[in-house]
Amino acid sequence: MIDPHLHHVPRLGRHPSRVRLHGTPVITVMLGSLLTSLPIIAQSPIMPPFGLLLLLSWRLLRPELWRAWVGLPLGLFDDMVSGQPIGSAMFLWTVTLIGIDAIEYRLVWRSYRQDWLIATLAVIVCATGGWFFARITGGGSVRFSLVLPQMLWTILLFPFVVRQCARIDRWRVMA
Amino acid sequence: MARPPSRRPGINRRAQYSLFASYVVAVTGAAVGLLLVVIAIFDPTGFSALRIAAAEATRPVSVTLKSMVSGVSSVDEVLAAYWRAGSQNVALRRQVEADRNRIIEAKAVAQENIRLKKLLKLVDADSSQVLTARLIASSSSSARRFARLNAGSWQGVRQGMPVRAPEGLVGRIHITTPNSSDVLLLTDTSNIVPVRRASDNIPAISTGLGDGSVEIRALTAGRNPFKPGDLLVTSGIGGVYQPNIPVAVVVRAQGEIAYGVPLANPARVDAVVVERIF
């Protein structure tokens, strides 16, 4: 072993399979959504929405990977396992992706800090929207302060998640 | 990093159309999503068929993980118990001696009760219990408070059935799927339970606050009758819950509202009991 970082260097003339190229991001986002089936009986919304975090990470890391409609199937899956009303993440994630497209079209120069800022806005929109949808679909008077801590550490967790995404991405593109 | 070129299709007509079509699909889909939410306003348990597949698929994972970690959640209690083992031992001994007398009294009272009931020809038909199961997961990233129960309609669980633990009330069944069901926890903001004070029958209503506590409003006029330490049990009014299931203990009274903490912590209870609708 010369350098552990060279472990995944592609062999000459070989390409990763299509399943690996296109399936990996989708599967990681779905696994992120599925973290709610861990045996934690939460008394308040403590768990960050990992599905959303992974979606944002992939979108900002690899802008060419997905079109905006990918938020529909992934959001629907998230709704099925998260306990939110069906259609909630479906709507919010897609609108967020369209919004990111719009922002990106106007930004000339984009780096890590701008990515984090975009992700912050996206998390605020999705958490607020999720809270509002939970409230109007029979949730009664859910206080907004209930989702604030979750929002905060979701934003703080973004750099870590995007790093892990980049690590998976390196494995993904190298056969 | 400069803007990636992929979002600008250039003069390629096909790429332009493809990009435009993708936005049409996305916007239409988002509108459909919004429509589904609007439907959920009027029918919160609708589309539960969609959840069935997900719930059934994730159940084995949750059950396996649950059996692995069930000891972990009480580790802090065990450590705390070691920390003050000596003084606790003395206190517990005194408690046991005090309780022994009470148990003897209670046995006598129970016997007297049976005798009096026989005199009155009252018959207790207490076959209310459906089954015992475990809570295996919860909606930990959502603002709503649902927990998933490892038993469903094939085991006889029906929508609306009360769920309780030995310590007290946990919630009621919200949606059932063949092998699992969603429990609307006592602390969910839409879960309203009619309660009464155990000592003197003052009626009240308990509503969840979504953060692990409940809000208690007395149904009597005048000033707030509750004070910290009051024990609340279900009153049995309105159906659903059997009377005299312990619900919560009041921790703070503020203005017309009292705040309470549920006696059964769903994260701690080992198994829960599903009961028939009263």
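A salt bridge, as I use the term, is a side-chain nitrogen of Lys or Arg within 4 Å of a carboxyl oxygen of Asp or Glu. This is a predicted model, in which local features need pLDDT of at least 70 and side-chain atom pairs count only at pLDDT 80 or more, while totals for chains, interfaces and linings use all residues. Residues are numbered from 1 along each chain as its sequence is written, chains are lettered from A and ligands numbered from 1 in the order in which they are written, and side-chain values use heavy atoms, with hydrogens and water left out.

I'll start with the salt bridges. Over all chains the count is 14. One of them joins A:R59 and A:D101, at 2.5 Å from N to O. A:R59 sits in helix α2 (residues 50-61) of chain A and A:D101 in helix α4 of chain A, so this pair ties together parts 42 residues apart in sequence. Helices here are DSSP runs of H or I, at least four residues, numbered from the N terminus.

How many salt bridges cross the interface of chain A and chain B? The rule finds one. A:R143 forms a salt bridge with B:D211, with 3.1 Å between the closest N and O atoms.

Now the rest of that interface. Chain A gives 60 residues to the contact and chain B gives 56, contact meaning heavy atoms within 4.5 Å. The two chains bury about 5,000 Å² between them, 62% of it on carbon and sulfur atoms. Buried area is the accessible area, with a 1.4 Å probe, that two parts lose on being put together, summed over both. On the chain A side, A:I41, A:Q43 and A:I86 lose the most area to chain B, together 16% of what that side buries.

Next, helices α3 and α4 of chain A. The axes of α3 (residues 71-82) and α4 (residues 88-106) come within 7 Å and cross at roughly 145°. Axes are lines fitted to C-alpha atoms, for helices over the stretch in contact, and angles run from 0 to 180 degrees between N-to-C directions. Residues making the contact include A:L72 and A:L76 of α3(A), and A:W93 and A:L97 of α4(A). By class, the contact residues divide into seven nonpolar, four polar and two charged. Ala, Val, Leu, Ile, Met, Phe, Trp, Tyr, Cys and Pro count as nonpolar, Asp, Glu, Lys and Arg as charged, and the others, Gly among them, as polar.

Note on methods: Helices (H or I, at least four residues) and strands (E, at least two) are DSSP runs, numbered from the N terminus.
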